[in-house]
Structure formats: structure tokens, C-alpha cells
Amino acid sequence: MAGTRKAAVAVVLGALALTATACNDNSDSGKNAAPAAPTTAAAATTQAAPPAKVSPAVFLEQVTKKTGAAKSAKVTEDIAIGSITMKADGAMGWGDGLQGDMTMDMSGMPNADKMTASIGGTAFVYRFVPDGMYMKLGGDALKASDGRHWVHIGFDDVAKMQGGGTAAGGASTADQFKKADPVEGVRTLIASGTVTEVGQETVNGKPATHYTGVLNVANMAKANGGLTPEQVDQLKKSLATMGITSETIDVWVDADQLVVKRTEQADTKAGAMKVTVTYSDYGTPVATTAPDKSDSIEITELAKLGKDAAAADNS
């Protein structure tokens, strides 16, 4: 039983670490107060083109306001890091703290079949709330938590558990969980200082304008606005450890000045990383609530159970 518990807890912790890396590997503080966004229905009858004589960077600043004001959307993510592939979908809200439900399919991971016993399958169900996130437990992980169906991980817990470490976009792992809104991808692109308009393309059957830019290590630090010099130095060291020197960011914007797609690509020591996120149905209702406390376990407690099980194995 100790070995089973240890394995199940390890799978849960590993999944959370991957989620931190893959979920929105952009890195800026949200600034979403803005005028109301136009209805998405207008996008079907107007062309996706920025106003004349406006630079791409200025136009994208307008996009952050319109997209931020929309406050919610349906989201899909396709993530590839080396040999690991993941796909997530759900709905997220960012109007008053992060809220939403996402399901991440990790069947494309190496040895994914071993997850079934540990967590009851290869799909991880996440519930985001303003103070952190919950992941649903199944299989041996459910037994390890004494029958509690959710593990809670607060933003502060992540930094403590990982010593303030950073994930694959340069932000702290705690910050990663907060970055599900599409505004952040645009702000990171603006921070590159080299925004280029590629042209008109079609996304999800509708016209959209494509923008691109390359964020180097120095500008990655700028994208994490408000950092102290010491934090910037730590950020650069963490990026060097992961082997990331630059990141290519692409954003597609529709006629309503709403983000409909973004991609982020970088080379890491684990292999090439590419994250593709698409957004649709802006304004979709999102009313996620935290599970009952009696049916959840804190990540720190679950991690301790895993350590106790490992100690029992070695005794």
C-alpha cells in the first residue's frame, strides 16, 4: 500500500508541475479594466483589420482592453514539450480573479498507460478559483487522500514547494496558474518590442489578423513587470537552466479586437516547446466554485503522505 500511495502521489505532483509549465507560459501582471467589448456576433460581418495608421503595438494595446473587458471565453490548448504532448479544453473567466474548469488529456505522454491506476485515467480535471486551483483525484490517488476527491494547490503553496522556481515561460510557477486569460499573451508579445503584422488569415472559419514577435531573455525579464533586480537575475538564471534563450510569440486578432489564437514556441533542454491556445465564445458564463473542504486535501498534506510512504518503503 505504501508503494502504491507513493506512486499515486508522484503522478499527481508530476501532473501539477506539467500543468504549471504548460498553462499559459506567458508572464505579465493582468490589467484588464477596460471599456465594454463589442458583441462577438459583429465579427461575422466585419473584416479583421487594424485601424489605419496605427502601429501594431498600439493596436495590440487596444486589443488587451477589448479582450480583457470580455472577461471569459472557451479555451483549448495544444501543448508539446519534447516528446510530451497534452491537450486541454474548457472555459475560463478572468474578470474578478481566475475562474474556470479545464480538462487536460495527457494520453500523449510517455508511459501514459501507467497513469490509469494512479489517477483513474489519463485525463486530469482542473477547477480554477481566485486563490489557486483544484485537481480531481481518482484511482490510487483517491485512496491516498483517504477518499477526498480534490487536491487544492494555492498560489503561495507552489512557490514554497518549488523554492520560488520558474516554469517554461519565465514566470514563477505560481504566476503560471494565474495566466489563463488571453490578455497576457498579447502583453508578452508587446513586450518583445518587435511586433510585426503578418497579414490576414482565417481562424475557426473567421478572418483574423496575425501578429508575431520574438522575446529574448532580456525582454522576458521586462515582460515580468515589477520585478526587483534580484528577481530579474533569478529569472535569467532559471531560463538559462532550462536552456531558453528566446521565445517566438504569435497572436491572431478578430474584427472585434479579441484574441482568437496565440502560439508560443521556444527551444528547451527538454526539447522544442510549442503551446497553441484558441479562444472562442467570449462572454460565455463561468461560475466555478471551490469543492467542499471536506472533500479536498491540501497539496502540502498530499505531498507529506507521499514522503511518508517513501520512508515506509525504505524502512
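Residues are numbered from 1 along each chain as its sequence is written, and side-chain values use heavy atoms, with hydrogens and water left out. In this predicted model, local features need pLDDT of at least 70 and side-chain atom pairs count only at pLDDT 80 or more, while totals for chains, interfaces and linings use all residues.

**Overall composition**

The chain contains 10 helices and 12 strands; these are DSSP runs numbered from the N terminus (helices H or I, at least four residues; strands E, at least two). Of its 315 residues, 48% count as buried, where buried means under 20% relative accessible area, exposed over 50%, and partly exposed in between (1.4 Å probe, protein chains only). The accessible surface is about 13600 Å², and carbon and sulfur atoms hold 53% of that; areas come from the Shrake-Rupley method with a 1.4 Å probe, and for residues only the protein chains shown count as cover. Among contacts (heavy atoms within 4.5 Å) in the chain with a separation of 6 or more, 63% join residues 24 or more positions apart.

**Confidence**

The mean pLDDT, the predictor's confidence in each residue from 0 to 100, is 75 for the chain, and 67% of the residues score at least 70.

| Element | Residues | Mean pLDDT |
|---|---|---|
| Helix H6 (lowest) | residues 173-177 | pLDDT 47 |
| Strand E7 (highest) | residues 196-203 | pLDDT 95 |

Residues 24-47 have pLDDT below 50, and this stretch makes 69 contacts in the model beyond near neighbours in sequence. Residues 163-176 also fall below 50, with 42 such contacts. Where pLDDT is low, the predicted coordinates should not be read in detail.

**The sheet**

The 12 strands form an open sheet of mixed pairing, in the order E7-E8-E9-E10-E11-E1-E2-E3-E4-E5-E6-E12; two strands pair if DSSP finds at least two bridges between them. E7 and strand E12 (296-298) are the edge strands, each pairing on one side only. From one strand to the next, the twist averages 20°. Helix H7 (residues 183-191) packs on the sheet and touches strands E8 (206-216), E9 (246-253) and E10 (259-268); its direction makes about 125° with that of E9. Axes are lines fitted to C-alpha atoms, for helices over the stretch in contact, and angles run from 0 to 180 degrees between N-to-C directions. E4 and strand E5 (residues 132-136) pair in the antiparallel sense over four bridges.

**Glycine 120**

Glycine 120 lies in the loop between helix H3 (115-119) and strand E4 (123-129). Its relative accessible area is 53%, so glycine 120 counts as exposed. Not counting residues up to four places away in sequence, glycine 120 touches Met115, Gly138 and Gly139. Leucine 142 is 22 residues from glycine 120 in sequence and 8.7 Å away in space, C-alpha to C-alpha.
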